[in-house]
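Here is a short report on one protein model.

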Amino acid sequence: MKALHIASFNGNIGDIINHAGFDAQFKKNVCNNIEFVREEIRDYYKVRNHKSFNTEKFIKLANRFDLIVIGGGNFLSPWLEVSNNGTTFDISIDNLKKIKTPILFNAVGCEGSLGYSENTIHNLREFLDHILLSEASNNYFFTVRNDGSYSFIKDVIGKKYSNKVFEIPDNGFFCPTENFQLSNDKEKILGISISEDRLKAKLSLDEYQSFIKKLTTIISFYVKESYNIKFIPHTFNDYKFLIDLFDYLEDSIVRNNIIVSGLQTNSKSGKEVIASYVNCDQALVMRFHASISCVRLNIPFVVLTLDQRLLSLFNNLDLENIVNINKNCDAFDIIGHFKKSSHNYADLLDQLYISHSYVFNSIKRWVNTHVTSG
């Protein structure tokens, strides 16, 4: 079987972790004899204007494959006014109908954190009418990740659509992690992953500087507790935050207690990039897949967030070790949240495997019925 996989593959190590989990689970639970050919969705974004889904060239490409996979990623959220369907998977229904290859929407985000309008909701409803409710619906299998997308579809888009949608744990929870070599060093490490783009987008300059001061206090506390601090960037933007932070930290801490993990945004190995977290004794993180990495590796962690997706994820997982940065809290309130961080996520991962396997069994039945290998 040959599949065209359309998603974001370069620039964010969270995407790499996500796709590694999907590849492993698809080959284990659906079809081992499959070749995934990757197509970078960012090349289709209007800000790049390199490619378009609404061309005969793309339609011919899509029809050469046995299966098309869209995502994972936040590609079905209805925030984009200039899109045919309100989303970054910008294809018209007429052009979608020309694609005869079955399409799996793989743990996509479809939620409201980026905003939406009456117009984008209307366009997405028309799109979902075809995918989920029309006579052609057997050509599609639609799954959303557990970040509040299912509730958004049910409460905002419409219950008739959510009845046709599967909610599935993000594939990053299943990134391969076998045979990691743990360090023999006795030093303790606090891993930190901060989302520079989210902070700059959501906070005023004063709020941003206040956040840095809180983080400086936390780092100083852990250094006094004999920890070294390991920064784990997920994108190149995250390095910009380090430059700002270093202006506030004591020089001795910067020189003696700071480690910066390498950024491998072109890596093809999810195991390779998730390894940045392996030897962390605790972690303080902001990004979606940083949180997932800590659960996957059983690391006590606290999440700092401005992101409704993470609040929804933690509600879905029944976890309390999350701090909304918008709420009043000082540095030691944040440190105190480590008491709410489980030291064993094995039971949670077992539950996620059960949920994941249930949906993948349905995907397997759909693939066996509707996908014809060329």
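Arg38 is partly exposed, with a relative accessible area of 33%. Here buried means under 20% relative accessible area, exposed over 50%, and partly exposed in between (1.4 Å probe, protein chains only). The model is predicted: local features need pLDDT of at least 70, side-chain atom pairs count only at pLDDT 80 or more, and totals for chains, interfaces and linings use all residues. Residues are numbered from 1 along each chain as its sequence is written, and side-chain values use heavy atoms, with hydrogens and water left out.

**Salt bridges**

A salt bridge is a side-chain nitrogen of Lys or Arg within 4 Å of a carboxyl oxygen of Asp or Glu. By this rule the count comes to 14.

| Pair | N to O distance |
|---|---|
| Asp23 and Arg38 | 3.7 Å |
| Lys51 and Glu39 | 3.0 Å |
| Asp238 and Arg287 | 2.9 Å |

Asp23 and Arg38 form a salt bridge. The pair links distant parts of the chain: Asp23 sits in helix α1 (residues 13–29) and Arg38 in strand β2 (residues 35–40), 15 residues apart. Helices (H or I, at least four residues) and strands (E, at least two) are DSSP runs, numbered from the N terminus. Asp23 counts as buried, at 16% relative accessibility.

Lys51 meets Glu39 in a salt bridge. Lys51 lies in the loop between β2 and α2 and Glu39 in strand β2, so this pair ties together parts that are twelve residues apart in sequence. Lys51 is partly exposed at 37% relative accessibility. Glu39 is buried, with a relative accessible area of 12%.

Asp238 bridges to Arg287. This pair too links distant parts of the chain: Asp238 is in helix α9 (residues 238–246), Arg287 in the loop between β10 (282–285) and α12 (288–297), 49 residues apart. Asp238 and Arg287 are both buried. Elsewhere, salt bridges link Arg145, Asp147 and Asp170 in a network.

**Overall build**

The protein chain holds 15 helices and twelve strands. Its radius of gyration is 21 Å, close to the 21 Å that the globule rule gives for 374 residues, so the chain is as compact as a globular protein of that length. That radius is taken over C-alpha atoms, and the rule is 2.2 Å times the number of residues to the power 0.38. Along its principal axes the C-alpha trace spans about 65 × 45 × 35 Å. Of the 374 residues, 58% count as buried.

**Cores**

A nonpolar core is a set of buried Ala, Val, Leu, Ile, Met, Phe, Trp, Tyr and Cys residues joined through side-chain atoms within 4.5 Å. The largest has 39 residues; Phe58, Leu76, Ile99, Phe105, Phe127 and Phe142 have the most contacts inside it. Elements giving two or more residues to this core include β1 (2–7), β4 (103–108) and α4 (118–133). The largest share, six residues, comes from α4. Apart from this core lies another, of 36 residues, among them Ile189, Phe288, Cys294 and Ile299.

**Asn106**

Asn106 is in strand β4. Asn106 is buried, with a relative accessible area of 3%. Its side chain joins that of Asn171 in a polar contact of 3.0 Å. Such a contact is a pair of N or O atoms within 3.5 Å; within protein, one must be able to donate a hydrogen and the other to accept it, and residues adjacent in sequence count only if both atoms are side-chain atoms.
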